[in-house]
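Thanks for coming. Please look at the structure first.

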Amino acid sequence: MRQRGIVILGKRRSFSAFLFEVLAFLYIAHKVLPAVGHYMPSVLYLGLVAAVFVFAFFMSVSKTTVSASVRLLAVFGVSLLEFVRYLIKGSVMSGATYMYGEVQIFLYALIAIAFIYRNDYNQIKNITNLIFVSYAITAITTFIGNNKYEGASRLMATLDNSDPTRQLYASENIGSFVLIYELVLIVPLIIYMIKKKRMNRALGWGLIVLLGITIMRSEYTTALLMYILSLTLFLIPKITKRKIIVLVIILVILFIINSLYFADLFEYLSENVQSETLSVRFGELAELLREGESSADGNATNRMDLYKKSITAFFESGMMGVWTNVGIGGHSFIFDTMGKFGVIGLIAMIVMYRMIYRMFIGPYRREDFYPYLFFIYMIAIFMAFINPKTYLFIFICLIPLFAQKLVLKRIEREGF
């Protein structure tokens, strides 16, 4: 009996495969499009989580994919330590709630694994393009929202999910802290596609400009600096892993030796940017570079104090960690993990980033887009030092889908 299916891009596809594609996109849209998350009822989302998990597991079950899922647990080593911390405190329900949130992140990887296992180029292209379109839509609405509500993206980072103001911003699809830094991490992917003519140049440059003005309008200073750093990839004719490492080393050395020149640059920016918040932040950076400190209530000094707080907790606990949030700065994933879990936490992070590289970066080292993935990897580690997030969605979902799409396209182009 001939199987009925849905024809998409000229290829017959089973209804179950099509349904999984729809459910997977809705699940990802819940994250990338804040308005979707706002308007989707909790009960419906819970059902969506269950449905996507069942589809992803049964569509991709094999020795290879099960092995990949097991290895993926190493990426969540710090999460398991957090769960243990909840159990030590006796907060079983809080621990269960926390792990439910981590399972939702883990599910992004299962989605990518399921698509890659099926190895359907059209399906992978569809979901990857939809993710990029979703980011572009949210970038537009975030830019508009920050013009409408001054400092909306920054304020969202300080508000609880149930706060009416945060709900208002989410309903208008305004992105917060994590979204802004994820935009920074996808910039190198767009640069690669422009340089290698994998997309329309006008569209590519339009996206670069859109992400740039959105990041600037969000008033996250470090995100803006990382965006500017990413643009230097345009200036390197043939990018390699070695060139990226050399570039980063040179930038660090120049920053240390010529800090006064950077201070002048930041002072110039503080006097010429239109955003009052960015002006203050650049001014603080300039003062910090010149004198080693900024004003008493300056953001830069406060952050340094918070970093030192976590580092102090690490050493004063005999490098065993305090296993509590008390005495932790709360503004650096790496320093906070060290302060909370000591050497065990440090090992868990090393294993985590090593596994991220082995699973999602290293396998593509022979592809021409590998240096761009490596650049994102290094930037993400740097941001984990200065911010409390890891941006796992980019590594465990978007990058493998993006990479597999390009690999399949290359194979098709080469005829084997």
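**A walk through the model**

Let me start with Leu-401, which counts as buried because its relative accessibility is 0%. Buried here means under 20% relative accessible area, exposed means over 50%, and partly exposed is in between, with a 1.4 Å probe and protein chains only. The areas themselves come from the Shrake-Rupley method with a 1.4 Å probe, and for residues only the protein chains shown count as cover.

Before going on, the ground rules. This is a predicted model, in which local features need pLDDT of at least 70 and side-chain atom pairs count only at pLDDT 80 or more, while totals for chains, interfaces and linings use all residues. Residues are numbered from 1 along each chain as its sequence is written, and side-chain values use heavy atoms, with hydrogens and water left out.

Back to Leu-401, which lies in helix α19, residues 392-414. Helices are DSSP runs of H or I with at least four residues, strands are runs of E with at least two, and both are numbered from the N terminus. What does Leu-401 touch, not counting residues up to four places away in sequence? Its partners are Ala-112, Phe-115, Ile-124, Ile-127, Thr-128 and Ile-131. Contact means heavy atoms within 4.5 Å. Leu-401 and Ile-113 are 288 residues apart in sequence, yet their C-alpha atoms are 8.6 Å apart in space.

In soluble globular proteins, nonpolar side chains tend to be buried together. In this model the largest nonpolar core has 114 residues, and Tyr-135 and Phe-393 have the most contacts inside it. A second, separate core has five residues, including Ala-152, Met-156, Tyr-169 and Ile-174. By nonpolar core I mean a set of buried Ala, Val, Leu, Ile, Met, Phe, Trp, Tyr and Cys residues joined through side-chain atoms within 4.5 Å.

Take Tyr-135, leaving aside its neighbours within four places in sequence. Tyr-135 is in contact with Lys-31, Val-32, Leu-179, Glu-182, Leu-183, Ile-186, Phe-393, Ile-394 and Leu-398.

Helix α18 is mostly covered, with 13 of its 17 residues buried. How far apart are the end C-alpha atoms of α18? They are 25 Å apart, which agrees with the 24 Å that the 17 residues at 370-386 should span at 1.5 Å a residue. The expected span is 1.5 Å times one less than the number of residues.

**Salt bridges**

Now the charged pairs. Side chains of opposite charge can pair when their charged atoms come close. The structure holds seven salt bridges, each a side-chain nitrogen of Lys or Arg within 4 Å of a carboxyl oxygen of Asp or Glu. I will show three.

One joins Glu-82 and Arg-85, at 3.0 Å from N to O. Both residues lie in helix α5, residues 77-89, three residues apart, about one turn of the helix.

Another pairs Lys-148 with Glu-172, the closest N and O atoms being 3.4 Å apart. This pair links distant parts of the chain, 24 residues apart: Lys-148 is in helix α7, and Glu-172 is in the loop between α9 and α10. Lys-148 is exposed, at 53% relative accessible area, whereas Glu-172 is partly exposed at 27%.

Arg-410 is partly exposed at 22%, and Glu-367 counts as buried at 15%. Salt bridges that share partners also join Glu-82, Arg-85 and Lys-340 into one network.

**Surface and loops**

Which residues make the nonpolar surface patch of about 430 Å²? They are Phe-315, Met-319, Val-343, Ile-347 and Val-351. Patches are made of residues with over 30% relative accessible area and no salt bridge; like charges are joined within 9 Å, and nonpolar side chains (Val, Leu, Ile, Met, Phe, Trp, Tyr) within 5 Å. Helix α17 gives the largest share of the patch, three residues. Ile-347 is in α17 and is partly exposed, at 48%.

Met-319 is found in the loop between α16 and α17 and is partly exposed at 37%. Its phi is positive, about 65 degrees, although Met-319 is not a glycine. Asn-119, in the loop between α6 and α7, also has a positive phi, near 60 degrees. Asn-119 is partly exposed, with a relative accessible area of 41%.
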